[in-house]
Amino acid sequence: MSRIWPHWLGLSGITMASGGLSRLGKTLRTAAPIAIVLSAALPTLASAQSVSVSIAAEPLDRALTTLAQQSGFDIISTESGLARIRARVVRGQMPPREALRRLLDGTGYRAIAIDARSYRIVRAPVTVAAPRPRPAARKRVAEPENTGDIIVTASKQGSTLLRFPGSALLVGGFAPGSLAARSVTMDDVARDTPVLQNTELGEGRNKIFIRGIADSSFNGPTQSTASLYFDEVPLGFAGPEPSLNLYDMKSVEVLEGPQGTLYGSGAIGGIIHLEPNPTDLATAHASLSGGVTATQGGEAGYDAAGMINLPILTDRVGLRIVGYSERDGGYITDSMRGLGNINRADRLGGRAALTIAPGDGWSIELGALGQTIDAADAQYAETMSGPLERRSVLAQPYSSHIKLARGVVRKHWDSGLDLVSATGYVDLRTFDTFDASRAIGATGPTVYTTEQTDKLFVQEARLSRAVPDRVGWLVGLAFLEDRDVQARALGVPDQPRDIIGVSNRTDSFSVFGEANWPVTERLTLTGGARVTSARTDGEPSVAPRSNSFVKGRATRRIDPTLAASWLVAPRLALFARLQSGYRTGGLAVASGIGRVQDFGSDSIAVVEAGMRKQRTGATGLELTVATSYARWRDIQADLYSRRGQPYTVNIGNADIIGLEATGDWVPVRGLHANFAFLYTHNVVDGPLAQSSVKANRRLPETPAFAGNAGLSYRWTLRDASTLSIGTSGRYVGRSVLGTGDFLDVSQGNYAVLDADLAWHWRKFDVTLAGDNLTNASANRFSLGNPLILASRQQTTPLRPRNIRLGVSVAW
């Protein structure tokens with residue numbers, strides 16, 4: 001059982017805007033600025049025991065978030081502009097009061113105690129008479145403000161979420177010591193966030209989509225529509241999402257809509273940025289989390305994870321290591337082979353980061369990660385056999401392996417100038433096995449295997465400057481080299497014969513830039529562009545029957561951005577954005593035996609507008625509403641023929657209208673009511689789509705409506721521990737598997753109810769959580785084995801009712 005835990009499971013100190021999403025509680029919310037004001041005396045803090053504090057020289061909003069996480073206190077604010085202030089380094093063993101005083105000294109802010117564990121940041125009174133020019137406080141309110149985490153990282157410029165001119169989400173709370181940190185993956189995030197959609201072929205081979213920009217349900221050579229980044233390095237170019245474990249992750253940021261200006265090809269639906277927790281160079285600490293899961297009628301599962309942070313040379317060199325292992329117990333039966341709980345899946349992995357701070361604003365980070373997912377069998381059932389049962393001749397195991405190495409050099413000057421140089425290498429491999437015995441009418445067992453290998457090298461260097469009340473700018477250079485190989489085999493088990501596959505190599509060089517111009521103290525304009533020169537060369541693995549294909553093609557592209565943010569009121573802003581993106585073409589297997597064919601580039605242009613309201617205190621409403629319109633042309637899609645063979649083609653055009661909203665209402669302290677939804681209307685226009693009835697001429701994996709809602713309450717007990725309880729529900733509407741009359745199979749249209757109970761004391765957490773409490777039976781995904789797709793009998797059922805007991809400790 002995989003879950004994302006609400007903020008009230010010990011995730012103190014993180015105040016976010018724009019509402020929680022379903023059972024994620026406050027975990028899935030866009031972040032609000034965090035502020036704390038330190039008064040002359042804070043008696044409630046003075047009696048607090050000393051804690052280990054390690055805060056780097058970073059924007060003040062991020063520094064305050066770090067302090068809240070390390071101290072276990074709630075820190076909230078309605079102030080803006082914190083991302084524009086550089087915090088000083090604070091490290092050592094000290095009471096939270098002292099850490100807060102040092103952090104805020106000289107910033108113009110002070111902290112006010114709300115209760116024994118809660119503090120609010122406000123602007124300090126101005127003691128020096130100001131001349132006639134406008135007060136600095138008002139100017140900061142009007143500055144491009146973003147929630148520090150989302151903007152400082154994913155948008156590559158300093159600007160707060162409130163003033164970010166586009167739709168964005170922040171998923172936070174994966175820090176050690178909180179049970180959100182256990183076995184959460186991007187698959188879990190996508191299932192619980194209406195703006196995200198994903199396939200359900202199996203963790204490690206799923207595709208993920210943002211706001212309905214979905215090309216197909218199948219894996220192939222097309223570039224992903226949503227680009228995933230680990231820190232500054234993409235996790236791949238083509239192929240499935242690797243489903244990394246998110247233990248000890250600081251946040252997951254989602255920027256919706258094409259991000260061609262800052263991120264280049266791909267990213268036509270948006271980007272997902274995984275930000276790991278930084279290495280603490282001052283204090284050694286560690287954490288452990290674990291749990292067991294019981295599934296009704298299925299096999300038990302477990303998860304275990306740990307983190308250790310070791311300063312090697314205090315304030316100069318440090319190492320942070322994360323490791324994890326987990327098992328998802330099976331619950332599918334194969335009646336032909338007489339086996340139960342066949343779809344067991346194991347995940348094993350870890351990562352490490354070595355951070356060096358030589359001084360004078362320089363930092364160097366060297367990191368690596370690796371993960372392996374091994375599944376004993378596929379997770380689909382067949383309706384003719386039963387809701388959790390199927391009949392197959394052979395086991396259909398699959399695996400996913402990822403390795404990543406990265407090096408990031410940063411330099412900050414006091415003038416506000418920042419330099420970032422990032423280099424990364426990624427090796428992503430997936431291996432799938434399908435039972436072909438029934439599909440081709442063989443006299444004996446027959447297996448069909450596919451293997452996809454994606455090797456990616458990237459280098460980016462950029463220079464930026466963000467100064468309050470002035471134009472902020474960014475310029476950069478980027479190089480990318482990717483080699484994607486699709487290999488296939490068919491035949492008797494253990495000795496299948498190779499059949500035709502393809503490889504594509506893409507080389508790309510880009511120059512990009514973006515600027516924010518504060519026209520007035522309330523209106524900010526954003527503009528930018530990316531100029532790209534790319535070449536893709538394709539090669540079949542064996543000589544094809546026909547040579548009517550192009551081995552190489554060049555692409556030259558300009559992707560502009562134009563956006564605006566208008567501060568209507570101190571905590572209310574409107575935004576609008578126009579942006580474009582594209583994907584490169586390439587070579588793919590064609591329908592038929594021994595054939596290949598070209599597929600061309602596709603492109604997208606999106607215009608969106610929205611409103612973002614943030615709370616003005618510890619209680620109240622946070623709300624984000626946005627609408628968007630997309631024109632997607634020459635859509636690339638990886639498909640399957642009626643004979644179960646893959647092919648890739650440009651299927652036509654689509655117009656996509658979207659309406660989304662997230663909200664979080666806190667009527668009294670500790671009580672949260674939240675919701676989120678996405679409505680989309682899209683129509684695919686092309687010969688293949690027109691073979692379906694009009695109601696099914698939709699993009700795949702995209703229900704017309706998906707939404708969730710949750711209610712949670714947290715209170716403090718006499719022993720200073722906290723008890724939390726929450727419940728949430730989510731609904732996923734009907735969608736189709738793919739484009740065309742052969743693939744317009746229905747899926748979705750189900751609701752799930754979950755609940756959580758948690759107790760937190762100091763650094764110790766115990767949690768009891770239940771998923772699918774009504775034991776709903778539904779079809780998440782109408783595919784398991786593409787070779788028998790024509791039967792239209794396949795379903796991917798919801799995991800039956802399951803309960804997890806978890807424990808976490810940090811020291």
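Two strands are taken as paired if DSSP finds at least two bridges between them, and strands (E, at least two residues) and helices (H or I, at least four) are DSSP runs numbered from the N terminus. The legends describe a predicted model, in which local features need pLDDT of at least 70 and side-chain atom pairs count only at pLDDT 80 or more, while totals for chains, interfaces and linings use all residues. Residues are numbered from 1 along each chain as its sequence is written, and side-chain values use heavy atoms, with hydrogens and water left out.

**View 1. Strand β17 and its partners β16 and β19.**
Strand β17 (residues 317-328) pairs with strand β19 (residues 345-359) in the antiparallel sense over twelve bridges, and in this pairing Val317 stands opposite Ile356 of β19. Strand β16 (residues 301-313) also runs antiparallel to β17, to which it is joined by eleven bridges, with Asp303 having Glu326 of β17 as its bridge partner. Three residues lie between β16 and β17 in the hairpin that they form, and Asp315 in the turn has a positive phi of about 65°.

Five of the five residues of strand β35 (residues 636-640) are buried, so the strand is largely enclosed by the rest of the structure; buried here means under 20% relative accessible area, exposed over 50%, and partly exposed in between, for a 1.4 Å probe and protein chains only. In a regular strand the side chains alternate between the two faces of the sheet. Both faces of β35 are covered, with Gln636, Asp638 and Tyr640 buried on one side and Ala637 and Leu639 buried on the other. Five bridges pair β35 with strand β36 (residues 646-650) in the antiparallel sense, and Asp638 is found opposite Thr648 in β36. The hairpin of these strands has five residues between them, and within the hairpin Gly644 takes a positive phi near 80°.

**View 2. Two aromatic pairs.**
Rings of Phe, Tyr and Trp (its six-membered ring) are counted as a pair if their centres lie within 6.5 Å, and planes under 30 degrees apart are called stacked, over 60 edge-to-face and the rest tilted. By this rule the count comes to seven aromatic pairs. The ring centres of Phe218 and Tyr640 are 5.1 Å apart with the planes at 75°, so this pair is edge-to-face. Phe218 lies in the loop between β10 (208-210) and β11 (226-230) and Tyr640 in strand β35, so that the pair links parts of the chain 422 residues apart, and both Phe218 and Tyr640 are buried. Phe677 and Phe705 form a stacked pair, 5.9 Å centre to centre and with 25° between the planes. Here the link runs from Phe677 in strand β38 (residues 671-685) to Phe705 in strand β39 (residues 705-716), 28 residues apart. Phe677 is partly exposed at a relative accessible area of 24%, and Phe705 also counts as partly exposed, at 37%.

**View 3. The packing of helices α2 and α3.**
Helix α2 (residues 60-71) packs with helix α3 (residues 96-104) at an angle of about 175°, with the axes 11 Å apart. Axes are lines fitted to C-alpha atoms, for helices over the stretch in contact, and angles run from 0 to 180 degrees between N-to-C directions. The two helices are therefore roughly antiparallel to each other, where over 145 degrees counts as roughly antiparallel, under 35 as roughly parallel, 65 to 115 as roughly perpendicular and the rest as oblique. Leu60, Ala63, Leu64, Leu67 and Ser71 of α2 meet Pro96, Ala99, Leu100, Leu103 and Leu104 of α3, contact being defined as heavy atoms within 4.5 Å.

Thr449, in strand β25 (residues 447-465), is buried with a relative accessible area of 10%. Neighbours within four places in sequence aside, Thr449 is in contact with Phe431, Asp432, Thr433, Ala487, Arg488 and Ala489. The C-alpha atoms of Thr449 and Ala487 are 8.3 Å apart in space, although the two residues are 38 residues apart in sequence. Thr555, in strand β29 (residues 552-569), counts as buried at 15% relative accessibility, and its contacts, again leaving aside neighbours within four places in sequence, are Thr532, Ser533, Ala534, Tyr582 and Ser601.
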